[in-house]
Structures are given as structure tokens and as C-alpha cells.
Amino acid sequence: MAGAAGIDARLFDGQSSRPVPVRLQVAGAGVDLLFLDDSGRRERLSLADLRWHEPLGATRRVDLPGGRSCEVLQGPALSAFLAASGHRERAITVWQGSGHRVLIAIVLLLLVGFAGYRWGLPLVARAVAVALPQPAVDALDGHVIDALDKTRLLKPTGLSAARRAGIEAAVAPLLAARSRPDPVHLHFRDAPDIGANAFALPGGDVVVTDALVKLAPDDAHVAAVIAHELGHVHYRHGLRNLIQASLLAAVVSLWTGDVSTLATGGATVLLNSAYSRDFEREADDYGAALLRKTGQSPLLLADMLDALTRQAVKDGKIDADAADGHWSDYLSSHPSTPERIERLRRASAS
């Protein structure tokens, strides 16, 4: 073992993988490179010629002139050598060598990651969604509707023309009360695989299933559900959800280094579920405000939420535990129904 100002190393000449045993010895303002093979050679190197790499595992590499490098074992001898040579570590190396600083760095990284997920990502998605021109979003809606029709997931409606006209008449005041002039197109479809439901596409197309209409006591209740969907249209939740999910998938892939569908998709679903809950609450609030603005009660929407949940339990699509908002609801994309109904009741009383 070398002394306090020297350290043993393995020299690679940059031409072959065979190492040569050497010793680096601090000597005044330079470093002596002593070959420990039979040659007995010695070189004087300037301290400025040595380029130390970051510590990596049990060894550390230092580049020498002429394309050569040395591999040195980590430990007290190396620390003493670096101190004797006046070497000053970079800040990142100092942090890596301190357990407390590494812990602080991890906490800061987690905080930055959480802030980026919780606030940064929604802001970016919202800015991108708002910036997209309406014709482009309308075209997206058209492609989605065509695809759903072609796959037979959506089938021609069995509702009478009179019933559809009645619903459209009930929805008309809601459309007129909106603050945005973007067109909204209602599509009535029979969708046995979907059941009683309504969903909005990013451009303003709203699909209402026959089962939802049959479940509703009257046209005003159907219109209340559409008021909720108009909230999704107003805030472009569909686009934002798509953009957020895509960005999350990319970030998770980069973070884990695993681009497999299972890992990326599973993490994305868990993370993105919170965003969907925020969107649903936002759409509920928008729908409630729209109903009040047209002289109707948000309880219309609350009634439909309750009816839809009971129907979903009856159809076996959700269990009673999820319907009651138990812990399993954490993995759901929607807030619990009791929570949403309570919010709507408060809105109706205000």
C-alpha cells in the first residue's frame, strides 16, 4: 500500500484492456507516475493533467494525458492522496459522499416530482389543450364517433324522434346559458355494452345512451347529466386527460427505465386516477352552476348519479363497496357517489 501521499492504481494505456500496476505519488506541484512492472519507468505529470471522474462503486477513474487512464480503489488512501494533491471535489461528489445530503436530495427530488405531477402536469396539459384549434378538436371527435360506430360499440338509437326532440328542447336552455359559443352536438346511441351512460368528446360531441334515457324519470334529468358533460367540454377534460396520460406514461418510462406496457400502464392508471376525480368534481360544479343559471336544481343531477350507481350495482359493473365510497374507491376514476351527491345538495342549497 502506498503512503499518505501516494496510491496504487491500475493503468490502462487506451490501446489494450491489460492493466499495468502503477503508483501515483504526489510530488510538489505534480504527480509522479511510477510503473510497478519490470520497466521501472517514471513520469512526472501536472496536477492539471489529471481529470478525476465521479466515484463509481468501489473504484474511481482518473484520465491521464495520451488517452490513458487509471483505476483506483476508493478508500482512505485515495482520500489522503486527493487531499495532498489539493484536489477539490465538485459539489455533486461532495453531496454523494454525505448520507444526510443524499437524504435531503431525495426528499427535494420527491417534492419536485410531486409538485410537477400535482400542479405542473395539469398546467401544461391545460395550456396545450386550450391552444389546440377548434377545427382540429372537432376532427378528432368525428374520428372517434366514426370508430365507435364502426366497431358496433355504438348502435343506432331506438329512441323515438319525439323523445329525442324533447331532450334536445330540455338541453337548449343549458346550451344558451353557457359562456362559450363552441357548438355542441348530441348523439343518441344504443350501447348495450356501455349501459346507462353519457360521455363527452373533446370537441363538444356528447353521446347519450338509450339506457340512460330510459333510466331517467324525465327529460330534465337527462339534461342534468348533459349539463355535467358540458362541464367536461367546457374545460376540455378529454384532451387534458389524454395529454396528461401520455406525459405520465413517458415520465414513468424514463423514471423506471422500463417501457413495458404493464409497468407503464399500471403506474399511469394509479397516478392519473386523481386527475379524473378532479375533472369529475369540476364538471359537477359546472353542471350545477348551469342548472341554477337556468332555474333548475342541481338535485336533478344528484338524483341521476344515485340512479346510475344503483343501476351499475344491479348490473354487476361495480360492487356495493365501491358505490358507498369505501377505500377501494381510491382506484376509481370518479369520486365516490355519496361525496358527489353531497356536493350537489350543498350547491342546491346555496
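1. In what order do the seven strands of the open sheet stand? The order is β4-β3-β2-β1-β7-β6-β5, and the pairing is antiparallel. Strands here are DSSP runs of E with at least two residues, helices are runs of H or I with at least four, and both are numbered from the N terminus. Two strands pair if DSSP finds at least two bridges between them. At the edges stand β4 (42–46) and β5 (51–52), each with a single partner strand, so one side of each is left without a neighbour in the sheet.

2. Before going on, please keep in mind that this is a predicted model: local features need pLDDT of at least 70, side-chain atom pairs count only at pLDDT 80 or more, and totals for chains, interfaces and linings use all residues. Residues are numbered from 1 along each chain as its sequence is written, and side-chain values use heavy atoms, with hydrogens and water left out.

3. β6 and β7 make a hairpin with three residues between them, and Gly66 in the turn has a positive phi of about 80°.

4. Next, follow Arg23. Six bridges join the antiparallel strands β2 (residues 20–27) and β3 (residues 30–35), and Leu34 in β3 is the bridge partner of Arg23. Arg23 also forms a salt bridge with Asp8, with the closest N and O atoms 3.1 Å apart (a salt bridge is a side-chain nitrogen of Lys or Arg within 4 Å of a carboxyl oxygen of Asp or Glu). This pair links distant parts of the chain, Arg23 in β2 and Asp8 in β1, 15 residues apart. Arg23 is partly exposed at 26% relative accessibility, and Asp8 is partly exposed at 29% (buried means under 20% relative accessible area, exposed over 50%, partly exposed in between, with a 1.4 Å probe and protein chains only).

5. The structure holds 18 salt bridges. One of them joins Arg340 and Glu280 at 3.7 Å, N to O. The partners sit in distant parts of the chain, Arg340 in helix α12 (residues 337–349) and Glu280 in helix α9 (residues 261–293), 60 residues apart. Both Arg340 and Glu280 are buried. Glu342 and Arg346 also meet in a salt bridge, at 3.8 Å from N to O. These two are four residues apart in helix α12, so about one helical turn separates them.

6. A second open sheet has four strands in the order β8-β9-β11-β10, with mixed pairing. β8 (155–156) and β10 (198–200) stand at the edges, each with a single partner strand, so one side of each is left without a neighbour in the sheet. Five bridges join the parallel strands β9 (residues 185–190) and β11 (residues 205–209), and His187 stands opposite Val207 in β11.

7. Which kind of aromatic pair do Phe114 and Trp119 form? Their ring centres are 5.7 Å apart and their planes at 90°, so the pair is edge-to-face (centres must lie within 6.5 Å; planes under 30 degrees apart count as stacked, over 60 as edge-to-face and the rest as tilted, with the six-membered ring used for Trp). Phe114 is partly exposed at 46%, whereas Trp119 is exposed at 52% relative accessibility.
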